[in-house]
Amino acid sequence: KRFVILISGRGSNMQAIVNMAKNREDIEIAAVISHKPNSAGTAWVAEQGVATAELLHKDYPVREEYDAALRDLVLSYQPDYVILAGFMRILTPVFIEPFANRLVNIHPSLLPSFTGLDTHERALAEGVKVHGCTVHFVTPVLDVGPIIAQGMVPVLASDDADTLAARVLKVEHQIYPAVVDYLSRDLLSVNEQQLVEYKEDV
Ligand code: GRF
């Protein structure tokens with residue numbers, strides 16, 4: 001299976017996925033595309049011999065025009081799945097529609113709690129005792145979509161947003177490669193109720 005990964009900057013989730021894929025004949029990372037110039041992730045993954053591209057939204061004043069250009073660029077790699085990994089842009093249906101149920105994202109909270117930004121600060125402010133991350137199929141509604149996998153972490157009394165974010169990020173690096181593995185083995189489907197079904201217990 002061929003995957004294209006979209007990143008914005010650091011790309012630590014992308015790195016976790018690329019490292020897992022190195023040992024897998026059945027997984028090809030066709031390209032890593034960044035919407036910011038010279039991102040750390042782009043440099044690292046180019047070293048791994050993976051094709052990279054940059055599509056800068058500052059070159060496209062109209063959001064839909066950017067999304068159309070991004071759609072065409074991603075399609076040129078003929079991916080089976082598109083992975084958003086720390087991709088900090090809101091995508092419109094112009095991009096989402098052609099990849100329906102083949103486009104996934106990771107969000108740093110236990111959805112449906114804490115959609116949107118600043119999830120760790122908000123989790124602390126609410127006093128939740130468990131927090132985590134969610135990998136889901138992307139639909140036109142932001143941070144909503146069939147949930148594929150979640151990872152959970154405890155919230156400690158000593159936590160601030162940084163310590164909590166770091167604990168969540170470690171779990172992100174475990175569940176995202178696992179989801180790429182499930183996708184590469186065709187283990188997932190979305191049913192009529194828009195719920196993800198696994199073809200076997202994973
Ligand atoms: C992560 O917290 C992820 O949940 C969010 O972007 C952050 C950065 O991820 N989507 P990465 O290091 O760029 O993969």
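## Basis of the model

Residue numbers start from 1 along each chain as its sequence is written. In this predicted model, local features need pLDDT of at least 70, side-chain atom pairs count only at pLDDT 80 or more, totals for chains, interfaces and linings use all residues, and side-chain values use heavy atoms, with hydrogens and water left out.

## The annotated site

An unreviewed UniProt entry places the feature "binding site" at Gly-11, Ser-12 and Asn-13. UniProt positions follow the numbering used here, feature names are shortened, and annotations may be inferred rather than shown by experiment. Of these residues, Gly-11, Ser-12 and Asn-13 are included in the lining of the largest pocket. A pocket is an open set of points on a 1 Å grid over the protein atoms alone, where a 1.4 Å probe fits, with protein on both sides within 12 Å along at least five of seven lines; lining residues have an atom within 4 Å of a point.

Gly-11 sits in the loop between β1 (2-7) and α1 (12-22), while Asn-13 belongs to helix α1. Helices (H or I, at least four residues) and strands (E, at least two) are DSSP runs, numbered from the N terminus. Gly-11 counts as buried because its relative accessibility is 10%; buried means under 20% relative accessible area, with a 1.4 Å probe and protein chains only. Asn-13 is also buried, at 6%. Beyond its neighbours within four places in sequence, Asn-13 is in contact (heavy atoms within 4.5 Å) with Ala-85, Ile-106, Leu-169, Glu-172, His-173 and Tyr-176.

## Around the ligand

Arg-10, Gly-11, Ser-12, Asn-13, Gly-86, Ile-106, Pro-108 and Glu-172 surround the ligand, each having a heavy atom within 4 Å of it.

Oxygen atoms of the ligand lie 2.6 Å from a polar side-chain atom of Arg-10 and 2.5 Å from a polar side-chain atom of Ser-12. For Asn-13, a backbone N or O atom lies 2.8 Å from an oxygen atom of the ligand. On its own the ligand has 360 Å² of accessible area (Shrake-Rupley method, 1.4 Å probe), and the protein covers 87% of this.

## Leu-103 in strand β5

Leu-103 is placed in strand β5, residues 103-107. Leaving out residues up to four places away in sequence, Leu-103 touches Val-82, Leu-84, Phe-95, Ile-96, His-136, Phe-137 and Val-138.

Leu-103 and Gln-194 are separated by 91 residues in sequence and by 14 Å in space, C-alpha to C-alpha.

Key
Buried means under 20% relative accessible area, exposed over 50%, partly exposed in between (1.4 Å probe, protein chains only). A polar contact is a pair of N or O atoms within 3.5 Å; within protein, one must be able to donate a hydrogen and the other to accept it, and residues adjacent in sequence count only if both atoms are side-chain atoms.
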